[in-house]
Amino acid sequence: MGAFIAKMLLPTVSSLVFLPTASVAAKRGFHMEAMVYFFTMFFTAIYHACDGPGLSILCFMRYDVLEYFSVYGTALSMWVTLIALGDFDEPQRSSMTMFGVLSIAVRIYQDRWGYGIYSGPIGSAVFIITVRWLQKMKQLRAVYPEKAVYTQQVGPGCCFGALALMLRFYFEEWDYAYVHSFYHLSLAVSFILLLPKKNRYAGTGRNAAKLSFLGLLCCVRHLYSLTMRNVTVVWCLFVVIKCLFVFVLQLFCVSL
């Protein structure tokens, strides 16, 4: 019985691997990325805890809402990690990050289980990074970034990321508790490897930006409220446009 309970709690405990990921990101100066990783860890752990024995008391929100933010946080973590890897200048970096926040929120609101929830953000970010790096190579007439980035970050990080997605979509039916836990671990390792060693916008010395635990909690709360508000607004606009389209179509059919 004890082994069974431990197995049921394994996905919840394995969700905590995103906490060291958030710590590493904050230490490297990527405070926004650390906030997203912490957001993902929090909702993923609570979501899996609701499936575990005797932990239903932790379900302070509806199960479908926890499920939504668990998937949303994972997809958003992939997006911000790849955007950080691209090392974009401002305001392009902030604009693309916000684009991911809004588009991923709407995409997952419609479908939480299809391949597109992760392939969309990954494919879009890889395309944007490839275009930027090719432009840099053309300007510098040399390999960009340096070869160490490809061998120490991009290569290993993509391998662990591919392993995580394979476990998530193809092997969970073997043994959900163990496979999903290894999925969490592989994904967290992938984020750490892909994230650059230093954020050049974080400052140095006394001017270096710092992130406290209370500040992290406030940022997570802000991200939650921002996501809920934007999902509602975008979805309402979608419904209004759809109603207008149907109304115009009906008028056209009546005129015929």
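Trainee: Which residues have the most contacts inside the largest nonpolar core, and what makes this set a nonpolar core?

Mentor: In this predicted model, the residues with the most contacts inside that core of 55 residues are Tyr72, Leu76, Trp79, Ile108 and Tyr118. The set is called a nonpolar core because its members are Ala, Val, Leu, Ile, Met, Phe, Trp, Tyr or Cys residues joined through side-chain atoms within 4.5 Å, and each is buried, which means under 20% relative accessible area with a 1.4 Å probe and protein chains only. Helices H2 to H8 each supply at least two residues of this core, and the largest share, 15 residues, comes from H4.

Trainee: What is Ile108 in contact with, beyond its neighbours within four places in sequence?

Mentor: Contact means heavy atoms within 4.5 Å, and Ile108 is in contact with Tyr68, Val71, Tyr72, Ala75 and Ile117.

Trainee: How many helices and strands are there in the protein chain?

Mentor: There are nine helices and zero strands, where helices are DSSP runs of H or I with at least four residues, strands are runs of E with at least two, and both are numbered from the N terminus.

Trainee: Where does UniProt place the feature "transmembrane region"?

Mentor: The unreviewed UniProt entry lists several spans, among them 65-86 and 154-171, although such annotations may be inferred rather than shown by experiment. Residues 65-86 are 100% helix, with end C-alpha atoms 31 Å apart, whereas residues 154-171 are 94% helix, with end C-alpha atoms 24 Å apart.

Trainee: What conventions apply here?

Mentor: Residues are numbered from 1 along each chain as its sequence is written, and side-chain values use heavy atoms, leaving out hydrogens and water. Local features need pLDDT of at least 70 and side-chain atom pairs count only at pLDDT 80 or more, while totals for chains, interfaces and linings use all residues.

Terms used
Buried means under 20% relative accessible area, exposed over 50%, partly exposed in between (1.4 Å probe, protein chains only).
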